[in-house]
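Here's a quick tour of the aromatic rings and the nonpolar packing. Have the model open as you read.

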Amino acid sequence: MAPLKPERVTEPISDSESSDSREEDDEGWDDVEQDEEETQQVISLLDDKVFPDVMSMLEHCKDKHGFDFLAVRQKLQLDFHGCVKLVNYIRSRVHDGQTVSENISTSEIESDQYLKPVLDDDAVIIGLFDLPDIVPESTPAQTQDATAVDDLLKRNTELQEELQRITAQFERYRATVSETLDQRWGDVEAAEAEASAAKAAGKGKEIAPKKPEDASKYYWESYAGNDIHETMLKDTVRTEGYRDFIYNNKHIFAGKTVLDIGCGTGILSMFCAKAGAARVISVDASDIIDKARENVITAGLSSTITLIKGKMEEVTLPVDQVDIIVSEWMGYCLLYEAMLPSVLYARDRYLKPDGLLVPSTCNMWIAPVADGEYVMDNVHFWRDVYGFDMKAMQSGIWDEVRVLHWPKATVCGQPAGFKLLDLYTIKTEDLTFSSHWRSELTQDVDAVDGLLIWFDNFFSPTREDNKSVGLQSVADDWAKENQDRVAFTTGPFNTETHWRQGFLMFKYKEGESSAFKKGDVIEGDVTFAPPEDMPRGLIIKTSWSAAGQDKKHAQSWDMR
């Protein structure tokens with residue numbers, strides 16, 4: 001989901017590049033209310049239709065669904081506070097697919113849980129001020145003018161008191177919403193830091209201990225903007241691969257409960273809903289989920305898709321089990337970003353014993369590369385820059401994984417599958433590993449300049465079929481064997497994807513590299529492990545040598 005990536009680049013991955021998901025400072029409530037009154041539309045309580053004002057929406061609910069909101073309010077004699085609860089009660093039941101009738105009792109809406117808005121910035125709640133007053137109980141007609149005046153004065157006093165009470169209730173409600181938004185946008189931490197500074201200055205404010213910093217905060221923030229999601233959606237190999245598997249296997253998804261982990265814009269969730277899923281639960285810890293919610297409403301799928309903001313390991317789903325887990329969790333070199341453990345957690349916690357994982361298997365490939373022109377342009381260039389030796393600029397140039405789509409002609413050896421990830425059986429601890437690889441050169445080269453790493457994705461319609469995927473399975477060939485299968489590769493021999501490939505450039509000592517002939521064999525071990533200080537990063541190590549030679553080369557590359 002996946003979740004679901006930090007910005008895909010064609011240059012070496014630098015230190016964290018995160019976008020601030022909240023670009024504007026908080027504004028006053030008056031400004032917010034004014035903007036919302038000018039632009040916000042009213043979403044129906046009982047379906048996904050949109051109206052310009054509350055009264056026209058309530059008329060629609062009465063005419064279309066036989067539900068008279070004003071009559072229920074009158075019957076229960078609800079104040080503003082009660083009307084807020086009634087709105088959120090109705091939205092909660094509709095969201096859960098339950099019916100709503102006018103036979104609502106006060107006890108059903110008395111819980112304070114209905115003070116929390118089901119829809120963010122719900123225009124219906126603000127519009128409650130525009131509703132006509134509750135008709136007071138009838139009293140005997142007064143014939144004397146003096147008595148009539150007294151009654152009017154008394155009624156005026158009562159209305160003034162009622163207005164003050166409603167105003168106070170609204171202020172409390174607004175404070176509750178503000179607190180909720182502050183928590184969502186991270187202002188709690190800022191407030192705690194400010195209070196801590198005030199206390200240190202001798203102001204004596206007592207505050208709760210500051211929450212520990214989330215080591216993955218930069219990761220969630222990087223997915224809050226549009227750019228990364230646009231890049232992923234425009235990757236047709238990726239997006240159409242998921243779409244084709246879901247739509248070509250509608251019989252698998254029909255009537256099922258699906259969990260989408262790292263849902264992003266909600267595209268995979270909407271594919272599943274359109275394929276006939278009875279219920280889709282979409283989870284994402286990034287602020288992008290707020291836009292996903294709008295996308296779902298616009299698509300008319302809000303009755304099927306439930307969106308939950310939070311980390312997969314921390315949220316509680318509204319179901320005990322799901323039939324299918326869908327997730328786009330893959331990062332550069334497959335395991336960069338470390339999102340797969342969240343999928344494995346959900347698999348063990350929520351997936352039915354015979355449930356389906358989409359995708360179901362990945363395998364990882366490695367191949368030697370010879371590209372002297374690239375090395376000259378990016379490494380040796382620094383030794384003669386307009387007559388100046390800038391070798392200081394070469395510092396660290398060999399230590400980073402470079403993410404690029406490589407010309408297939410530069411791959412000078414047979415690709416070797418070195419790691420198979422069966423998502424039904426693999427464990428989190430298995431994602432730190434060391435594997436052996438071996439490649440026979442397919443051409444004469446002056447030097448092997450590095451190694452290229454990529455992965456293939458396999459979508460099996462059944463668990464039994466998934467067993468047919470092997471370490472050396474090629475995506476295209478495997479998919480052709482069964483029309484219900486889908487598979488795609490991120491390698492250099494096919495259409496470019498936003499994952500591209502990871503290039504591990506070799507660093508040789510002066511005069512150390514040597515030429516190789518076609519048919520020569522090189523082999524070694526490759527290790528994947530996360531850095532201790534950055535759990536979503538990746539360190540790749542390899543040691544290799546030419547067959548029959550004692551000299552071994554060892555090197556490490558970093559992805560952060």
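Predicted model: local features only at pLDDT ≥ 70, side-chain atom pairs only at ≥ 80, totals over all residues.

## Aromatic pairs

Rings of Phe, Tyr and Trp (its six-membered ring) count as a pair if their centres lie within 6.5 Å; planes under 30 degrees apart are stacked, over 60 edge-to-face, and the rest tilted. By that rule, searching the whole structure turns up 21 aromatic pairs. Take F418 and F433: their ring centres are 6.5 Å apart and the planes sit at 35°, so this pair is tilted. It links distant parts of the chain, with F418 in strand β10 (residues 416-422) and F433 in strand β11 (residues 433-440), 15 residues apart. Strands here are DSSP runs of E, at least two residues, numbered from the N terminus.

Both are buried (under 20% relative accessible area, 1.4 Å probe, protein chains only): F418 is at 4% and F433 at 8%.

## Nonpolar cores

A nonpolar core is a set of buried Ala, Val, Leu, Ile, Met, Phe, Trp, Tyr and Cys residues joined through side-chain atoms within 4.5 Å. The largest one has 89 residues, and F253, L259 and W329 are among those with the most contacts inside it. At least three of its residues come from each of domain 2 (219-328) and domain 3 (361-559); those bounds come from an automatic or database domain assignment.

A second, separate core has 30 residues, including V54 and F80.

Numbering runs from 1 along each chain as its sequence is written, and side-chain values use heavy atoms, leaving out hydrogens and water.

Methods
Helix = DSSP H or I, 4+ residues; strand = E, 2+ residues; numbered from the N terminus. Buried < 20%, exposed > 50% of the residue type's maximum accessible area, 1.4 Å probe, protein only.
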